[in-house]
Amino acid sequence: MLQLANYINGRLVPPTAGRYLPTTEPATGLVYSQVPASSAVDVEQAVVAAEAALPTWRRMPAEERGRLLVRIAELLDRDLERLAQAESLDNGKPVSLARSVDIPRAASNFAFFGTAAQHFASETHFQEGVALNYTVRHPLGVVGCISPWNLPLYLFTWKIAPALAAGCCVVAKPSEITPYTAFLLSELCIEAGLPAGVLNIVHGTGPEVGQALVEHPGIKGISFTGGTATGAHIARTAAPLFKKLSLELGGKNPNIIFADCDLAEAVQTSLRSSFSNQGQICLCGARIFIERAIYEQFKAQFLEGVASLTVGDPLDASTRQGALVSEAHLQKVLGYIALAHEEGGTLLAGGQQVRLQGRCATGYFLQPTVFEGLAPTCRVNQEEIFGPVVTLTPFDTEDDALHWANSSEYGLAATIWTKDLNKAHRVAHALQAGIVWVNTWLHRDLRTPFGGMKNSGVGREGGVEALRFFTEPQSITVKL
Ligand code: NAD
């Protein structure tokens, strides 16, 4: 059976205690590999290696650091097919999605930050005849990067690449549910010639490896993406240690569809924003608010689209809906479907587990599911389900739509569909969401700040924001 290893001090090593966890292929429900169940001892070794590598790495010219990161990007591109297969196997996502989104984006993360580091300038504030004030941005030091299972390599590299570009050394922990591509990345880092200790990848559970990372006094900052409850726990642990924290957490994103939109495009993109990656993207729109004048029309076209979303083997190139990531997650989502019935919702599509034939007969498949008739305040419309379940709700006025969109403890992303430019800007500014898309979804420019308001997180990733996070500003004043 495939056995994964930690990547510590430039080498692939087994966990010190020799313990492993099984990892399951979601499409079959069968165990296919073993991932190290590392402990605080392995984290300690990784931190020691990172601290030893730091003085050289931080002094290396940004151009040279950048060249190594670009080399890793090239290797990710070279191995795109192998990595896409691995991501699909490990996560249950359609291989077509891993091929077109996850792996190309992981490569872009390295290429983008590899070059961005060379354009990261410090500021000068000149007071004529009085003083010259300038800011030096020192690398933060050794930092911890912790990522979730839904976009495994994509989100893992979205943290690691800017940290390395900024001159930090990293101890990173991927999700124990989807560790495979992080392991493959460690092999590519060795091939790229990344100096030993600059990046260390320690596999294991959150309560053991994640907790040890967050508590370790040598770790100066934590960049975390995951659930809001885990984020709160990490904040409670890290705050008294005065660590810098970036928290990218859950969402319950609204789509607002105005009657003057391009209906065909709004329907097609809403299908994607509802069900891509089986709804397991933090940016998926879970609450679709539709202006009453086009409610029935939108509903009919949307349901027609849902009917064409066949669920199948993720490794089949034509599959658009794969498996949910785990049995536990499938049960959680089924629990919300039961709750939607209890809360008085009308099931319009799906709602059932899917039993496929052949190799995937015991996989974790679920029909894309749509409800209507649920109050915006009910639990199904308030809590993050993180699966292929969306609700449709009509609205009468712009104020109503805004009110319901904002009546959530979350504030990650939102989409607006309208041809009225003034309305688009007005509504976008009033939305409590860190990311707003107008007439599109998931359009990404890696230079833009990425993150959420309210319980969706603290801080922003992306572009200069990420490089700032991984550096400590120092202000120096010279009297003239
Ligand atoms: P999770 O919070 O269970 O786990 C995320 C990571 O944290 C994993 O690596 C896990 O092992 C680790 N972890 C768990 N307990 C820990 C602890 N005590 N200390 C340190 N680390 C710990 O989240 P998940 O189920 O893997 O991912 C799904 C969640 O992630 C959803 O809520 C989703 O919205 C969110 N998410 C947010 C974004 C974003 O950018 N805002 C992106 C993707 C996913």
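Colleague: Between which parts of the chain does the ligand lie, and why?

Modeller: Domain 1 (2–249 + 456–479) and domain 2 (254–449) both give residues to the shell around the ligand, so the ligand lies between them. The domain bounds come from an automatic or database domain assignment. Please keep in mind that this is a predicted model, in which local features need pLDDT of at least 70 and side-chain atom pairs count only at pLDDT 80 or more, while totals for chains, interfaces and linings use all residues. Residues are numbered from 1 along each chain as its sequence is written.

Colleague: How many residues surround the ligand, and which are the closest?

Modeller: A residue is near a molecule if its C-beta atom, placed from the backbone, lies within 6 Å of it. Here 32 residues surround the ligand, and the closest are P148, G206, G210, G226 and T230. Helix 7 (206–215) and helix 8 (228–238) are the elements that give two or more residues to this shell, and helix 7 provides the largest share, five residues. Helices (H or I, at least four residues) and strands (E, at least two) are DSSP runs, numbered from the N terminus.

Colleague: How many residues does each domain bring to the contact between domain 1 and domain 2?

Modeller: Two residues are in contact if their C-beta atoms, placed from the backbone, lie within 7 Å. The centres of domain 1 and domain 2, taken over C-alpha atoms, are separated by 30 Å, and the contact takes 24 residues from domain 1 and 29 residues from domain 2. On the side of domain 1 that touches domain 2, helix 3 (80–91), helix 4 (95–116) and helix 15 (463–469) each supply at least two residues, and helix 4 gives the most, with five residues.

Colleague: At what angle do helix 2 and helix 5 pack?

Modeller: Two packed helices are described by the angle between their axes and the distance between the axes. Axes are lines fitted to C-alpha atoms, for helices over the stretch in contact, and angles run from 0 to 180 degrees between N-to-C directions. Helix 2 (residues 62–78) and helix 5 (residues 152–165) pack at an angle of about 155°, with their axes 9 Å apart. That makes helix 2 roughly antiparallel (an angle over 145 degrees) to helix 5.

Colleague: Which residues meet where helix 2 packs on helix 5?

Modeller: R65, G66 and L69 in helix 2 meet A161, L164 and A165 in helix 5.

Methods: Angles under 35 degrees count as roughly parallel, over 145 as roughly antiparallel, 65 to 115 as roughly perpendicular and the rest as oblique.
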